[in-house]
Amino acid sequence: MTAARRQRKPWVHTVPLGLGTVLLLMAGPPFLRPAQASTTERVVVDPHRGLALNGFDPVAYFSDGKAMMGRGEFEYRFAGAIWRFRNEGNRAAFMKDPEIYAPAFGGYDPVAVARGVAAAGHPQIWTIIGERLYLFYSPDAREAFSASPEGMTAAAERKWPAVLRSLGP
C-alpha cells in the first residue's frame with residue numbers, strides 16, 4: 001500500500017486485529033452458524049440462548065402437525081430451559097402438562113440413546129409415536145426408529161439412566 005493511500009485510509013493501521021478477532025470474523029456471525037445444543041443438560045438446550053428446541057414450539061408439533069418457531073413474547077422456563085410458543089394457548093397447554101409436550105429423552109435422539117450415547121436431536125427431524133414427541137439427529141435415525149419404535153424406545157429407556165449420568169449433574 002502506498003503512503004498516499006495509507007493517509008487516505010488511516011483505519012488500516014489504527015484497528016489492530018488479534019488472532020482471536022480474526023478467528024471470530026472467519027467463523028462468521030453467530031446467526032449464520034447452526035445452533036449447537038449442549039450435551040451437559042438433561043434437556044437439549046441451545047448454550048447461547050438457553051432455548052429448548054432451538055426456539056421451536058413443542059405444542060405445535062401436536063396441534064399443527066409441524067415444527068413451528070415460537071415467539072419471544074410467549075416463553076416459559078421449565079427443566080432448566082426456556083421454551084417458546086407461538087401463542088398464549090400453546091404456552092398454557094405446556095404449562096399445564098409439560099411432560100406431555102416436552103420431547104422424549106429430553107430431546108436427545110432415541111436411536112443414539114439406545115446405543116448409550118447422548119446425541120442432540122434436531123427440532124426439524126421429528127416424529128410423534130404413541131403421543132410422544134421424538135427428535136432425531138438425522139433422517140436416517142428417524143427411519144431406523146420408525147422401523148421398530150417399540151423396540152427402539154424400550155432399548156433407549158434401558159440405556160437412558162446411564163446416558164443421564166454421562167450428562168453430568
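This is a predicted model: local features need pLDDT of at least 70, side-chain atom pairs count only at pLDDT 80 or more; totals for chains, interfaces and linings use all residues.
## Helix 5

Helix 5 covers residues 88-96, and its buried residues are Asn90, Arg91 and Phe94. They sit on the same side of helix 5, because they cover an arc of only 100 degrees around the axis.

Strand 3 (residues 122-129) and strand 4 run antiparallel, joined by five bridges. Within this pairing, isoleucine 128 of strand 3 faces leucine 133 of strand 4.

The two strands form a hairpin, with two residues between them. Glycine 130 lies in that turn and has a positive phi of about 55 degrees. Strand 4 spans residues 132-136 and is mostly covered. Four of its five residues are buried.

## Helices 8 and 9

Two packed helices are described by the angle between their axes and the distance between the axes. For helix 8 (residues 139-147) and helix 9 (residues 149-167), the axes come within 5 Å and cross at roughly 105 degrees. Angles of 65 to 115 degrees count as roughly perpendicular, and helix 8 and helix 9 are therefore roughly perpendicular to each other.

Which residues make the contact? Helix 8 contributes Ala144, Phe145, Ser146 and Ala147. Helix 9 contributes Pro149, Met152 and Thr153.

Notes:
Residues are numbered from 1 along each chain as its sequence is written. Side-chain values use heavy atoms; hydrogens and water are left out. Buried means under 20% relative accessible area, exposed over 50%, partly exposed in between (1.4 Å probe, protein chains only). Two strands pair if DSSP finds at least two bridges between them. The arc is that of the directions from the helix axis to the C-beta atoms. Axes are lines fitted to C-alpha atoms, for helices over the stretch in contact, and angles run from 0 to 180 degrees between N-to-C directions. Angles under 35 degrees count as roughly parallel, over 145 as roughly antiparallel, 65 to 115 as roughly perpendicular and the rest as oblique. Contact means heavy atoms within 4.5 Å.
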